[in-house]
Each structure stands twice: as structure tokens, then as C-alpha cells.
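Biologist: I am new to this structure and would like to learn how to read it. Could you walk me through some of its features, one at a time?

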Amino acid sequence: MSNQMEKLLSEVKEFTEGMIVKGHVLEVRPSEVLVDIGYKSEGAIAASEFDDASALKPGDEVEVLIEKLEDEDGMVVLSKDRAEQKKNWDQIVSICNEGGVVDGKVKAKVKGGLIVNIGVDAFLPGSQIDVVPPRNLDEYVGKTFQFKVVKINGDRKNIVLSRRELIESERDEKRRTMLSNLQSGQLCTGTVKNITDFGAFVDLNGIDGLLHVTDMSWGRVTHPSEVVRVGDQIEVMILEVDREKERVSLGLKQKNRNPWDEVVAKYPVGTRIKGKVMSVVPYGAFIQIEEGVEGMVHVSELSWTKRIARASDVLKVGDEVEAVVLEIKRDEQKVSLGVRQIEENPWMRVPKKFPVGTRVSGKVRNLTNYGAFVEIEEGIDGMIHVSDMSWTRKVTNPAEVLKKGQKIDAVVLEVDPSAQRISLGIKQIEDDPWKTIESRFKIGDLVKGKVTKLASFGAFVELGDGLEGLVHISQISEDRVEKVKDVLKVGDEVSARVIKIDVAERRIGLSIKAATYSMDQLEAEKREFEAALKPGEAIVDLEHAFEQAQDEKNQ
């Protein structure tokens with residue numbers, strides 16, 4: 001073997017796959033570049049591995065990595081990219097420790113993210129591309145950005161990057177700087193980022209501030225969307241800055257003069273105003289008096305006489321109404337209005353129209369535990385208390401005497417127009433029978449009547465004109481009576497003697513067994529009767545008597 005051949009073979013042995021060698025450009029083709037590395041055959045490198053393959057010319061020196069010594073065509077397979085990556089790996093690792101920042105060019109989109117060339121290929125996960133993961137990764141290919149090195153795996157030659165952490169860090173720094181510079185009263189321009197029921201979040205170039213709904217307008221705002229929309233560019237005032245919690249409170253209405261400063265002077269109590277109904281709620285309606293100033297009409301201030309359950313029964317949004325200012329609370333920014341005050345209060349005419357003693361007619365509109373309401377003209381009700389329903393009965397439930405819808409006569413007892421109250425009485429239609437009781441009944445009189453109620457302690461007998469007398473159980477029979485119902489029943493006609501008349505207590509005591517007694521015997525029975533009464537057993541105490549009579553009936 002010649003020395004030249006030995007030299008050639010020795011040189012051939014020096015070339016191995018994975019080796020980085022220098023070569024010279026032989027030819028530049030449209031899709032590839034032929035390079036001579038001094039091997040027995042030239043190698044081809046894809047033109048895409050060069051930044052600008054068309055700028056190359058024969059003889060230019062390039063560093064390449066031998067991927068394969070011989071392919072199917074007998075050519076050596078070379079790579080410029082892999083040569084650069086292998087050459088740069090150690091240098092890159094030494095420069096960009098985990099946490100370091102490097103520049104890189106996005107090379108390609110792959111599953112789950114992007115490949116970035118930072119001297120070597122590195123992986124940028126999709127979640128780390130931006131603060132909000134982008135929908136289209138293709139728009140990043142070919143662009144250069146700064147990246148943070150998150151992880152380096154030397155064994156696998158793997159580097160993981162993050163652009164998002166740099167953006168967030170930059171924003172955090174920018175936010176801290178802005179927070180330190182923000183001052184109360186300062187005006188800033190921002191973009192409405194999000195709207196909630198209680199306000200809107202405004203992006204102040206990286207800082208989110210809250211514009212509360214109560215700080216949007218001096219007027220009433222039902223929902224923030226009435227004032228701002230997402231994407232709006234608005235100028236706001238800094239109200240408060242909490243640098244520890246990084247919270248900023250914003251105001252929109254504070255940029256303008258508070259119209260409430262002049263409301264008290266402009267609309268004194270008693271002023272008649274015109275306004276538009278802005279909203280209606282069950283308890284009233286809000287009326288715009290002027291821009292930024294609204295008053296509220298309570299449902300009770302809509303009519304003097306009509307019973308209005310809901311404001312929506314008489315008002316709707318957009319209605320033009322007249323009202324009178326009733327009260328102003330400047331600090332609370334509240335104006336109370338009244339619609340009924342536009343007209344004269346009909347109750348002021350009531351004392352003249354229905355003076356005390358006037359006899360009126362009306363329909364029972366409602367019953368309560370303590371009485372009944374009677375409408376004596378449209379919208380004007382009078383109230384009859386249970387104590388004014390009967391001279392002779394103690395009425396405990398109005399339903400015993402009246403029923404809803406019934407037409408009745410009554411007498412006006414009292415009128416209070418300021419409280420819108422008329423007191424009526426039924427019993428006053430007739431004279432009090434107890435005023436003449438002593439001329440009608442005397443001790444010893446023999447009377448006849450019908451049993452109306454039974455109680456455990458006796459029986460009530462009707463004596464006419466609503467009067468009743470009580471036959472105590474001891475006065476029913478000469479024989480001992482265990483239970484009243486064993487001897488008497490409701491509806492029985494009985495004869496009895498009057499043995500007790502108490503005008504002050506409105507009581508009449510009767511005795512059936514004494515119907516045939518002499519006056520001396522009656523006096524003795526009277527003493528026995530009074531001694532037999534137990535505490536609480538009133539002769540004409542209808543409240544307890546009625547309850548006990550019912551108990552007896554149900555036994």
C-alpha cells in the first residue's frame with residue numbers, strides 16, 4: 001500500500017458520525033447546499049438550515065455535524081443546525097442557568113407548544129407563551145422574543161422556557177411602580193375589563209381598579225351596565241389606594257359637581273315638581289327630578305283615600321308625574337315625594353261632613369280581632385270597636401254581631417283627620433236599656449224568657465231588648481243539679497224570679513226554683529245566690545259564659 005493511500009485511509013478513519021467538522025461550499029442549489037468536508041464524498045444540507053442560503057457562494061466555510069457517513073446515494077449526510085446546537089449546548093448551559101433570561105427565535109409549532117432557537121432548540125409550552133394562552137400558535141413562528149429558562153435537563157439535552165413568567169414579572173413590577181405613584185384625587189384613563197352586579201373592574205395600564213356602582217353616578221344606578229360597557233375607555237378618579245392589598249378604588253361621579261349640594265336650596269320642602277318615573281318597586285316609585293337627582297314616592301303617599309297595595313297598580317316607568325317635596329336628606333341623598341299632596345286631603349273635610357253624633361250608613365269592609373271597618377264613602381273608613389257594638393253583651397269577636405259586606409247604620413263618636421281616623425258605634429243608635437232597668441225590673445218580679453246559652457255555672461235567659469239574666473246552677477231546682485245541661489237546654493221557655501239587679505255591673509240574677517217563693521223566701525235565696533257565686537263568675541259576664549257554654553256543649 002502506497003503512503004498516499006495509507007494517508008487517505010487514516011484521514012477517512014478520522015470521520016465519525018456525530019463529529020463536528022469544517023467544510024466548504026461546493027454548490028448552492030434551490031433546496032440544498034453541497035458541502036465538501038474532505039471526505040470521499042460531499043454532503044448535502046437543506047437550504048432551510050441557513051438564514052439566507054442564496055447569499056452563500058462556493059468556497060464559503062461552514063461548520064457541520066456528520067449525521068451519517070453514507071446514505072443510499074453514497075453521500076455523507078450533514079446538518080448545520082445540529083452542529084450549531086451541539087457546539088452551543090455547553091455554552092448555552094453555562095450562560096443561561098435556570099431562571100436566566102435569553103433571547104430566542106420561534107422556530108416551529110409542535111404538539112403542546114413551540115420550538116424556540118436560543119442557540120439550541122428549547123421547548124416553550126403553550127401555557128407559558130402568554131398570560132392568556134393564545135388560540136393560534138402559528139402567528140409566533142419566525143418572531144424573536146425574550147424568554148426565561150425554567151428547566152434544563154442535561155441528560156436529555158432539553159431546555160424548557162417561559163415567556164409568560166417574564167410578562168407577569170414585568171407587569172408586577174409595573175404595577176408596583178404605578179401603585180407607588182397613584183394618589184387619591186388623581187385622574188386616570190383605563191379600559192373597562194369586566195362588569196359585575198356591584199361594579200366594574202377597570203384596567204389602568206396593568207392595574208385593576210374597582211369602580212363601585214355607587215360611585216358611577218350621583219343619580220341612582222340599578223346596574224353598572226347602565227353606565228359602562230366592557231371595552232369602554234373611561235377617565236376615572238382615584239378615590240383610595242391600598243398598597244398592601246394592591247387595591248384601587250375608583251370613582252366616576254366624583255369628576256363632576258355633586259348636584260345634591262344645591263338640592264336643599266333648590267327644592268325646599270313643599271316645592272311642587274314634575275318628573276319622570278324611572279323605576280317602580282313594590283313599596284313605591286323613583287322619580288327623576290333632574291339629571292342625577294331622584295326622589296322616592298312611597299306607596300302610602302300616592303292617594304289620600306284609595307287603598308293601593310303596589311305602586312305598579314297606578315304608576316309605570318316613563319310616566320310624567322307631579323309631586324310635592326316632603327323631606328330632603330342631603331347626606332343620604334334622599335328626597336321623599338308625595339303625589340297625593342297635589343290635591344286637598346279629603347280627610348280635612350270629614351269633621352264638617354261627619355261631625356260627632358252624625359248617623360251614617362255604610363258597608364262592613366273588614367273585620368279584625370278588635371272591631372270592624374265600615375266604608376261610609378269611597379276611601380273613607382270608620383272603625384267600630386267591639387266595646388261599641390252592644391249595650392248588653394260583652395262582644396269578644398266582631399263576627400258575633402257583624403259580617404263582611406253587611407250594610408249597617410252607625411253613629412260618629414270621634415273624628416281625627418290628622419290620623420285619618422273616624423270612630424263609630426252601633427249601640428249608640430239605640431238608648432242604653434240599662435238606664436231604665438230599674439223601672440222595668442224589680443226584685444221579686446216574675447219573668448219569662450228563653451234559654452240562650454248554657455255554662456258550667458248556670459244558664460242565660462233572654463229578657464228582651466238584648467238583656468239577659470243568669471240562672472245560677474244553685475237556682476235551677478230544689479234538687480241538687482250536677483250539670484246544667486241535665487236539666488235545661490238552649491231554647492227552653494222558663495219562668496223565673498228576679499233576685500238580683502246590679503246596674504253598675506250590668507247584672508241580672510234570676511231564680512227558676514224561686515218562681516213560686518214568697519218575698520221572705522226570695523230574700524233568703526238572694527243571700528244564698530250571692531254566697532254561691534265563685535270568684536270570676538259574673539252574672540252577665542258573657543266572655544267567660546260563652547266560652548264555658550261552648551265547652552259544655554262539646555262535652
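Biologist: Let's start with pairing. In which sense do β16 and β17 pair, and over how many bridges?

Modeller: In this predicted model, β16 and β17 pair in the antiparallel sense, with five bridges between them.

Biologist: With which other strand does β16 pair?

Modeller: Strand β16, residues 272-281, also pairs with strand β19, residues 320-329. That pairing is antiparallel and has five bridges. Here you can look for Gly275, which stands opposite Val321 in β19.

Biologist: And how do β19 and β20 pair?

Modeller: They pair in the antiparallel sense, over five bridges. Lys329 stands opposite Lys334 in β20. The hairpin of β19 and β20 has four residues between the strands, and in this hairpin Gln333 takes a positive phi near 55 degrees.

Biologist: In what order do the five strands close into a barrel here?

Modeller: The order is β16-β17-β18-β20-β19, and the pairing is mixed. Neighbouring strands of this sheet are turned by 50 degrees against each other on average, with direction ignored.

Biologist: What should I expect of side chains along a strand?

Modeller: The general idea is that side chains in a regular strand alternate between the two faces of the sheet.

Biologist: Now to another barrel. What is the strand order in the one that contains β21?

Modeller: Five strands close into that barrel in the order β21-β22-β23-β25-β24, with mixed pairing. On average, neighbouring strands of this sheet are turned by 50 degrees against each other, direction ignored. For a parallel case, look at strand β23 (residues 380-385) and strand β25 (residues 421-425), which are joined by two bridges. Met383 has Ser423 in β25 as its bridge partner.

Biologist: Let's turn to charged side chains. How many salt bridges does the structure hold?

Modeller: There are 24 salt bridges in the structure. One of them joins Lys109 and Asp138, whose closest N and O atoms are 3.4 Å apart. Lys109 lies in strand β6 (residues 101-110) and Asp138 in the loop between β8 (121-125) and β9 (144-153), so this pair ties together parts that are 29 residues apart in sequence.

Biologist: How exposed are the two partners, Lys109 and Asp138?

Modeller: Lys109 has a relative accessible area of 44%, so it is partly exposed. Asp138 is also partly exposed, because its relative accessibility is 43%.

Biologist: Which parts does the salt bridge of Lys266 and Glu290 tie together?

Modeller: The side chains of Lys266 and Glu290 meet at 2.9 Å, N to O. Lys266 belongs to helix α4 (residues 263-266) and Glu290 to strand β17 (residues 284-290), so the pair ties together parts that are 24 residues apart in sequence. Lys266 is partly exposed, with a relative accessible area of 47%, and Glu290 counts as partly exposed at 22%.

Biologist: What about Asp319 and Lys316: is Asp319 buried or exposed, and is Lys316 buried or exposed?

Modeller: Their side chains meet in a salt bridge at 3.3 Å, N to O. Asp319 counts as buried because its relative accessibility is 19%, under the 20% cut-off. Lys316 is exposed, with a relative accessible area of 56%. Elsewhere, salt bridges that share partners join Glu27, Arg29 and Glu32 into one network.

Biologist: Where does Arg340 lie?

Modeller: Look in the loop between β20 (334-338) and α5 (350-353). Arg340 has a relative accessibility of 16%, so it counts as buried. Its side chain reaches the backbone oxygen of Ser300 at 3.2 Å. Leaving aside residues up to four places away in sequence, Arg340 touches Ser300, Glu301, Leu302, Ser303, Trp304 and Gln420.

Key
Residues numbered from 1 in each chain as written. Predicted model: local features only at pLDDT ≥ 70, side-chain atom pairs only at ≥ 80, totals over all residues. Heavy atoms only, no water. Buried < 20%, exposed > 50% of the residue type's maximum accessible area, 1.4 Å probe, protein only. Polar contact = N/O pair within 3.5 Å; in protein donor to acceptor, adjacent residues only side chain to side chain. Contact = heavy atoms within 4.5 Å. Salt bridge = Lys/Arg side-chain N within 4 Å of Asp/Glu carboxyl O. Pairing = 2+ DSSP bridges. Axes fitted to C-alpha atoms, helices over the stretch in contact; angles between N-to-C directions.
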